[in-house]
Amino acid sequence: MLELVRAPAALSVPGDTMAGAAAAGRSPNPGLAVASVLMYWAGMALNDWADREADAVERPERPIPSGRVRPGAALGLAAVLTGAGLAAAALAGGRRGLTVAGLLAGAVWAYDLGLKRTAAGPASMAACRVLDVLLGAGEQARAAVPAALAIGAHTYGISVLGRAEVTGAARGTPERALVASTAAAGLAAASCVRGGAAARAGAGILIAGYLAFTLPVQAGLRARPDPENVRNAVRLSILGLIPLQAAAVAGGGRFTAAGALLCSLPLGRWLSSRLATS
């Protein structure tokens, strides 16, 4: 089940609502972060249920085609986690939290059940992360739009790479991911312009760290585009969301929260490598 929901990757999720809250001038809401993680896990379980026939050919080691998880159990888990995420959002964020979480749940299910294998797939995946950031912003969603778009842009690049995990990266695929990551950095910088000098400086350092963490991994696919390297780039790019989120949080003057996010990066990298090789 941990492998089914890509449990370690959930460390990249709470930073969405934290970034939204910081941009809106609010304190982070732990309940909304929990709702966000539950939605993410639901999407991962639903993704494997929807892809079970393709995975039987392309990834027979995955939990469903290998027989370790029954398809019905995966679908049931996705439904339960979605319901739990909506309930958590309602408890933590009231009617507005439930509304945004409902939009997020609809976007997740639409992606997994229909949009993933279409041309709109990367954009629809990015939209899920955008909504996740706005979930944390509450009534001040407009102020969080630049941060949300930054995280959405990075997610677009992840989705582009994710499509090449089985076949390997075609010509142009690494470049699209690099453009998305560069755009994410620019949007993250734009989201911090209203902060004080210390906030802008801190955010700038973290944005530079984000680029140093993400760009070499993606650029390396131009020389080694095989599926194994693509999968590794996807795993690391997911974790690359953490310094990007931390930059948005620091830009809102929340330095302690940004530091806490960064502390989860080495843990996430270790857990991801452990689960990938188990």
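The protein has 11 helices and zero strands, and the model shown here is a predicted one. Read along the sequence, the pattern is therefore α-α-α-α-α-α-α-α-α-α-α.

**Overall build**

- The radius of gyration is 18 Å, close to the 19 Å that the globule rule gives for 278 residues, so the protein is as compact as a globular protein of that length.
- Along its principal axes, the C-alpha trace spans about 55 × 45 × 35 Å.
- Of the 278 residues, 50% are buried.
- Among contacts with a separation of 6 or more, 76% are between residues 24 or more positions apart.

**Salt bridges: Arg68 and Glu3**

- Searching the whole structure turns up eight salt bridges.
- In one of them Arg68 pairs with Glu3, and the closest N and O atoms are 2.9 Å apart.
- Arg68 sits in the loop between helix 3 (52-58) and helix 4 (71-115), while Glu3 belongs to the segment before helix 1 (14-23), so this pair ties together parts that are 65 residues apart in sequence.

- Which helix holds Asp48? Asp48 lies in helix 2, and its relative accessibility of 1% is why it counts as buried.
- Arg6 forms a salt bridge with Asp48, with 2.7 Å between the closest N and O atoms.
- Because Arg6 lies in the segment before helix 1 and Asp48 in helix 2 (residues 30-50), that bridge ties together parts 42 residues apart in sequence.
- The side chain of Asp48 also meets that of Arg62 in a salt bridge, at 2.6 Å from N to O.
- This second pair links distant parts of the chain, since Asp48 is in helix 2 and Arg62 in the loop between helix 3 and helix 4, 14 residues apart.
- Both Asp48 and Arg62 are buried.
- Leaving aside neighbours within four places in sequence, Asp48 is in contact with Leu4, Arg6, Asp55, Arg62, Pro63 and Ile64.

**Helix 6 against helix 7**

- On the helix 6 side, the contact is made by Pro146, Ala147, Leu149, Ala150, Ala153, His154, Tyr156, Gly157, Val160 and Leu161.
- Helix 7 contributes Thr173, Arg176, Ala177, Ala180, Ser181, Ala184, Leu187, Ala188 and Ser191 to this contact.
- The residues of the contact divide into 13 nonpolar, five polar and one charged.

Key
Residues are numbered from 1 along each chain as its sequence is written. This is a predicted model: local features need pLDDT of at least 70, side-chain atom pairs count only at pLDDT 80 or more; totals for chains, interfaces and linings use all residues. Side-chain values use heavy atoms; hydrogens and water are left out. A salt bridge is a side-chain nitrogen of Lys or Arg within 4 Å of a carboxyl oxygen of Asp or Glu. Helices (H or I, at least four residues) and strands (E, at least two) are DSSP runs, numbered from the N terminus. Buried means under 20% relative accessible area, exposed over 50%, partly exposed in between (1.4 Å probe, protein chains only). Contact means heavy atoms within 4.5 Å. Ala, Val, Leu, Ile, Met, Phe, Trp, Tyr, Cys and Pro count as nonpolar, Asp, Glu, Lys and Arg as charged, and the others, Gly among them, as polar. The radius of gyration is taken over C-alpha atoms; the globule rule is 2.2 Å times the number of residues to the power 0.38.
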